[in-house]
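Subject: Structure handover

Hello,

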Amino acid sequence: SGQKTWGGRFTGGTDRRVEAFTESITFDRRLYRHDIIASQAHARMLGEVGMLTPAEAEQIAAALDEIGADIDAGRMEFRISLEDIHTHIERALIAKLGDLGRKLHTGRSRNDQVVTDVKLWVRDAIDELDALLKDVQAAFVASAGREAGVVLPGYTHLQRAQPVLAAHYFLAYVEKFQRDRERLADCRKRVNILPLGAAALAGTSLPINRESVRRQLGFDTVARNSLDVSSDRDFALEFVFALSVVAAHLSGWAEEWVIWSTTEFNFLDLPDAFCTGSSIMPHKKNPDVLELTRGKAGKVIAGLQQLFLLVKGLPLAYNRDLQEDKTAIFDAFDTVAGCLGVAAPLVRETKLRRDVIAARLEDGFLDATTLMEGLIARGVPMRSAHEAVGNLVRECEGKRCRLADLPDAAFEAACPGRGAELRGTLGVANALAAFTSVGSTAPLEVERQVREWRERLV
Ligand code: ARG
């Protein structure tokens, strides 16, 4: 048990199979930067309270910088017998500083250390995700600006419903990703509470100063209850939940664009650089990036389930099960960051096939609801208006024509004396121009929102 930090009470070594089974170094090594800055803050605090001299604290901090540089340069040899990243770094420190290195872990446990490191890591991850999400929003806003004036069929049940401006469509995704950013920002508030100082589970009898560590590491507050700290992974659940929502948004969008890029729809011109071909069919241009975005969402959502199953049966306080939180956290981040990283340029470089969209825009009765509202505005009770327009649509289906092709008499029957006026609600251009409500696809409303988003996203 020679190299183990906890070897004292054991006789003989750990079974190799147990070492291989219990190690986390293969995945928690990516915490090393955060482990080092947390240890430096801890050492400097020990220097302030007299557990170390200030000079010793600085010696430790400097040695930790060297260890960080060694890891950066690939000079650290990782061994499963040393369990995790925390033990590797502490062992390297002891190798450099001898007995002084053996003082670093004063007033600290791996239980509060590991959750501090993970919180520092998640905090950085949230900041990175915010920038990635903002870039995806900016890409959608750019499309909204570029395709201003283009009208799209809006769908419910994937059936043609009402016309919407392309800009309104693109801004719908901007709103979704805005809520995602807000969710992550809210999660960050609880991430940014300092666990360190809880020690193993009960705190410590040594004169630590948690406020100093809080200040050095930029946490907002100090966690109040040590027992809670060493078992708390709520922040991980919240983080992976927020990422699951991002993944769901991306997946729904990807599915929509897979459909829109089919020959049947043909709404989109996807950039060649973001598509792939077939090894046998020479003509193929496949939307693999979108399909993988849809496919990878499953892993993120599964990670959330994994975390819930991990914590749901744990008594206070730390339990080794919690070591398994990191794979879910890291994988959710890697997956979503990867998806966002390709989504932004794909959105920027995808163009609407305006001619194809326009050629079929008058199909599917996109103006029927506006016609009904025209009747209502002229005093016809809503349910009567609904039924009247339903009858007109049925008549069109029989004649294979559009509402605008019906004779005046058809509208006179629905709205005696004012049938001719109703022509002004027919056709997609008229229907679209008729919208007025706040948050609708009304052209002035959409134009204003595009302007506002441009300003907000600089
Ligand atoms: N590698 C462990 C983890 O990630 C560190 C904490 C170990 N603590 C313990 N009491 N064995 O959770």
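A residue is called buried here if 20 or more other C-beta atoms lie within 10 Å of its own, and exposed if 12 or fewer do. Please also keep in mind that this is a predicted model.

Of its 37 residues, 27 are buried, so α6 is largely enclosed by the rest of the structure. Its length is in order too: at 1.5 Å a residue, α6 should span 54 Å, and its end C-alpha atoms are 53 Å apart, which agrees.

Overall, the chain contains 18 helices and six strands. Buried residues account for 40% of its 458 residues. The C-alpha trace spans about 100 × 55 × 40 Å along the principal axes. The radius of gyration is 30 Å, whereas a compact globule of 458 residues would have one near 23 Å.

The chain is divided into domain 1 (13–106), domain 2 (111–207 + 218–359) and domain 3 (368–456). Between the C-alpha centres of domain 1 and domain 3 there are 70 Å.

Towards the C-terminal side, an unreviewed UniProt entry annotates residues 365–432 as "domain: Argininosuccinate lyase C-terminal". Over that range the chain is 59% helix and 0% strand. The end C-alpha atoms of the range are 12 Å apart.

One last item concerns Gln3, which lies in the segment before α1 (16–22). Is Gln3 exposed, partly exposed or buried? It has 13 C-beta neighbours inside 10 Å, and therefore counts as partly exposed. Gln3 and Arg91 are 88 residues apart in sequence, yet their C-alpha atoms are 7.7 Å apart in space.

Regards

Methods:
Residues are numbered from 1 along each chain as its sequence is written. This is a predicted model: local features need pLDDT of at least 70, side-chain atom pairs count only at pLDDT 80 or more; totals for chains, interfaces and linings use all residues. UniProt positions are given in the numbering used here, feature names are shortened, and annotations may be inferred rather than shown by experiment. Helices (H or I, at least four residues) and strands (E, at least two) are DSSP runs, numbered from the N terminus. Domain bounds come from an automatic or database domain assignment. The expected span of a helix is 1.5 Å times one less than its number of residues. The radius of gyration is taken over C-alpha atoms; the globule rule is 2.2 Å times the number of residues to the power 0.38.
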